[in-house]
Every structure is written in structure tokens, then in C-alpha cells.
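The tour below goes from one selection to the next.

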Amino acid sequence: MPARNAAQYIREALASVRAQTVEPMEIIVVDDGSTDETSAIAREHGVTVIRLPSQSGPSYARNCGIAAARGETIAFLDADDSWFPCHIEASLKLLAESSAGLCFAPVEVFGSVNTLVTPPCTPREAMTMTQALLEENFIVQSSVIVRRAVLDANGVYDESLRLAEDYDLWLRLSAAVPFVMLERATVRRRFHAEQASELRRLDMIDAAWRVRKKCLESTAGRTNMSAARRLELVDRAIRREIDWAIWTGDRMQLARARRVLTDVCAALLMPMPLSLRDNVLGSVIRHCQELQCIFRIARRRLGH
């Protein structure tokens, strides 16, 4: 559990861990340079506390926790979220019954900010987990339990990333091992005004698209996915962004759609035939036309 200035929420998070029907071997809180009572509250709950002298970012904090962990499976929980009592038991059972390396769960949303949450992806046609994730990051950090051996073999969080570090990890792991998902929500995800997803929404969007590009570029070298298929996945991701913008009419969602649009060509840096480049250009022009319509609709909705 990485935590920074989480005194307001961490009691609830730790209580949910203590209430598990299968008790964890250990609970590790990594205090990422907090200036409040986060560490003291964690120690009151009898957990292992690793206190970092200054803020080092979520990737470094999580990697410190992983390095200190002794178990064969590792569960993640953010300090402002919580688990239902069955979370560990249900996740370990599903992992044991499958050959998967990672288990995640749907989430129940609560909190003080009205936020639209992308549901788990249910593609209409057969897709690999990597292809589905390229459309949208539908895996919530606090719902994940992963085998330690999977992290040892494929790497942990990229410490150069301050945002979208979880998305980067899921994409890398999805190319190496199968994932499984619980049928019912076992996690409560809190939304509040102080979290990065609210304070730095545009930065989060930019980071997610940089991670997508990184995955597409690496995929080109180690799989048989054609350039046309990669273009199709990016096209679907853009349409998903635009659908959200149309639905919400929100300024941030509109900026998100605009940001995605400007990145569509950069997301396909790998060499491609001229005919396919023409298709990319056609895709950009089509999305530009759609986006102009979105902005007109949104301006009417927002009254200017």
C-alpha cells in the first residue's frame, strides 16, 4: 500500500485488509514522504511501515513494497480505497483454478466526486488482453493480485513514470501471462478531489497515450500483429474517447478527445506501406470532422 498524506483514509483501507476472510501473510505500507500522521496511523494497525524520506512517486513506492514482500502472491491496495472481506479469498481461489498470472476485479465506486468510470472491456470479437487494454485501461490498481514470479520474470513498475505506471505494467504483463477477472466487485474505489486523476486529468490522459505508443512500438517487434491491426486498435481507442466526450459534454473530456486526435499518427511510429499511411491520414481527417461536431454540441450544452 503506497501512501502519501493519507491520514484521512488509511484507517478504512487497513481495516478492510484486517477484515479479510483469508488473512494476508503481511501488510506493508510505504509512506511516500508524508507530512501528516499517515505512518503513525499505519503503525497503530500493527503493519510494516517503510517510510521514504521524501516523495519519490507511486512507482518507486510500490516497487519498495514489492521488494520487501515475502509472499508468493502480491496484492495492491491504494490508501484511499478498500476491499470487501472476500477479495483476497476470491482472487486466490481464481488464480489457483487457472493458469493465470494476474487476477483483477470489477470495482464499486464511491466518494465525493461524481466521476464516470470505464467498465471492464467486453469486446465484441475475440481479442487478446493486450489488445483490449490498448482500447482502455479497465484494470483498477487496487483490485489486482499478481504472482510474484510474474513480476520477477517481467519487471515491476517503471520508475520513470509518475502517471499511468499501472497501465504500463498491465500492458507489459498481459503480453507475457494470462489474466483472469472476478465476476463480482470485491473492491471499493474512492473518488475525491485531491487524487491525481482529478487534479491532473490532462496529464493522466497524455501519460496513458505515451504508454499506448510504447506498447504499440514494442508489439511491432515481437508479435505478428500487423500494422493494419495496430491502426484498427488505435482507431477504436480514439472512438471510445470521442464517445465519452459526446456523452459527457465535459470540457476535460473534450480536451481528452483533442489530445488523442493529435497523437494518432505518433502512436503508429513503426514503418508502414504508403497505402496504410493514407488510411491513417483518412482516419485523422474523419476524427477531425467528428470532433468538430462534438465541440459544437458541447458548446451548446455548456452554454457558450
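This is a predicted model, and it holds two aromatic pairs.

Select F76 and Y157 to see an edge-to-face pair, with the ring centres 5.7 Å apart and 80 degrees between the planes. F76 belongs to the loop between strand 4 (73-75) and strand 5 (82-83), and Y157 to the loop between helix 6 and helix 7, so the pair ties together parts that lie 81 residues apart in sequence. Show the surface around both: F76 is buried at 6% relative accessibility, and Y157 is buried as well, with a relative accessible area of 3%.

Now move to F104 and F138. Their ring centres are 6.1 Å apart and their planes meet at 50 degrees, so this pair is tilted. F104 is in strand 6 (residues 102-104), whereas F138 is in the loop between helix 5 (129-135) and strand 8 (145-147); the pair links distant parts of the chain, 34 residues apart. Both F104 and F138 are buried.

The charged end of R62 sits over the ring of Y157, 5.6 Å from the ring centre. Which residues does E165 touch, leaving out those up to four places away in sequence? Select E165 with P58, S59, R62 and Y157, which are its contacts on that basis. E165 is placed in helix 7 (residues 165-174).

Step back to A164, in the loop between helix 6 (148-154) and helix 7. Is A164 buried or exposed? A164 is buried, with a relative accessible area of 9%. Check its backbone too: A164 has a positive phi of about 60 degrees, although it is not a glycine. Most residues other than glycine have a negative phi.

For another positive phi, select N5, which is not a glycine either and has a value of about 50 degrees. N5 lies in the loop between strand 1 (2-3) and helix 1 (10-18). At 34% relative accessibility, N5 counts as partly exposed.

Finish with R188 and F110. R188 lies over the face of F110, at 3.8 Å from the ring centre.

Technical notes. Residues are numbered from 1 along each chain as its sequence is written. This is a predicted model: local features need pLDDT of at least 70, side-chain atom pairs count only at pLDDT 80 or more; totals for chains, interfaces and linings use all residues. Side-chain values use heavy atoms; hydrogens and water are left out. Helices (H or I, at least four residues) and strands (E, at least two) are DSSP runs, numbered from the N terminus. Contact means heavy atoms within 4.5 Å. Buried means under 20% relative accessible area, exposed over 50%, partly exposed in between (1.4 Å probe, protein chains only). Rings of Phe, Tyr and Trp (its six-membered ring) pair if their centres lie within 6.5 Å; planes under 30 degrees apart count as stacked, over 60 as edge-to-face and the rest as tilted. A charge sits over a ring if NZ of Lys or CZ of Arg is within 6 Å of the ring centre and within 35 degrees of the ring normal.
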